[in-house]
Amino acid sequence: MTRLLITSVGSLVGQNVLDTLDDRRGGFHVAGTTSVARIALDRCDRVYLVPETAAPPSPYQRRFADVFAREQP
């Protein structure tokens with residue numbers, strides 16, 4: 001199964017990417033990252049909360065590296 005990792009999945013761009021996958025969803029494991037905890041992201045198999053990218057880069061970079069290693073997209 002193809003594994004996808006969509007960054008900023010709660011954004012309009014992320015939602016548009018999910019829209020394009022709607023009719024092909026069965027062939028993908030979709031993980032996403034977001035910095036907004038209140039967004040309902042039931043269209044992903046797994047969602048990771050990450051620090052805002054406007055924050056100093058090292059917290060985001062560390063969290064993203066952890067997510068990437070776990071998901072192996």
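Is aspartate 45 buried, partly exposed or exposed, and at what relative accessibility? Aspartate 45 counts as partly exposed, because its relative accessibility is 44%, and the cut-offs for that class are 20% and 50%. Before I go on, please note that this is a predicted model.

Let me stay with aspartate 45 and its partner. Arginine 25 forms a salt bridge with aspartate 45, and their closest N and O atoms are 3.1 Å apart. Arginine 25 sits in the loop between helix 1 and strand 2, while aspartate 45 sits in the loop between strand 2 and strand 3, so this pair ties together parts that are 20 residues apart in sequence. Arginine 25 has a relative accessibility of 22% and therefore counts as partly exposed.

Side chains of opposite charge can pair when their charged atoms come close.

Next is glutamate 71. With a relative accessible area of 1%, glutamate 71 is buried. Its side chain meets that of arginine 3 in a salt bridge, at 2.8 Å from N to O. Arginine 3 belongs to strand 1, residues 2-6, and glutamate 71 to helix 2, residues 57-71, so the pair ties together parts that are 68 residues apart in sequence. Arginine 3 counts as partly exposed, because its relative accessibility is 32%.

Glutamate 71 also forms a salt bridge with arginine 46, where the closest N and O atoms are 2.9 Å apart. Arginine 46 counts as partly exposed, at 32% relative accessibility. Taken as a group, Arg3, Arg46 and Glu71 are linked in a network of salt bridges.

Which residue's side chain makes a polar contact with the side chain of glutamate 71? That is histidine 29, at 2.9 Å. Histidine 29 is placed in strand 2, residues 28-34, and counts as buried because its relative accessibility is 13%. Beyond its neighbours within four places in sequence, histidine 29 is in contact with Met1, Thr2, Arg3, Leu4, Asp45 and Glu71.

Last, the pocket. The largest pocket holds about 150 Å³ of space. Its lining is made up of 14 residues, and those nearest the centre are Ser8, Thr33, Thr34, Ser35 and Val50. By type, the lining has eight polar residues, five nonpolar and one charged.

Notes
Residues numbered from 1 in each chain as written. Predicted model: local features only at pLDDT ≥ 70, side-chain atom pairs only at ≥ 80, totals over all residues. Heavy atoms only, no water. 1 Å grid on protein atoms, 1.4 Å probe; cavity = no way out; pocket = protein on both sides within 12 Å on 5 of 7 lines; lining within 4 Å. Points joined across faces, edges and corners; volume = space filled by probe spheres on them. Nonpolar A, V, L, I, M, F, W, Y, C, P; charged D, E, K, R; others polar. Helix = DSSP H or I, 4+ residues; strand = E, 2+ residues; numbered from the N terminus. Buried < 20%, exposed > 50% of the residue type's maximum accessible area, 1.4 Å probe, protein only. Polar contact = N/O pair within 3.5 Å; in protein donor to acceptor, adjacent residues only side chain to side chain. Contact = heavy atoms within 4.5 Å. Salt bridge = Lys/Arg side-chain N within 4 Å of Asp/Glu carboxyl O.
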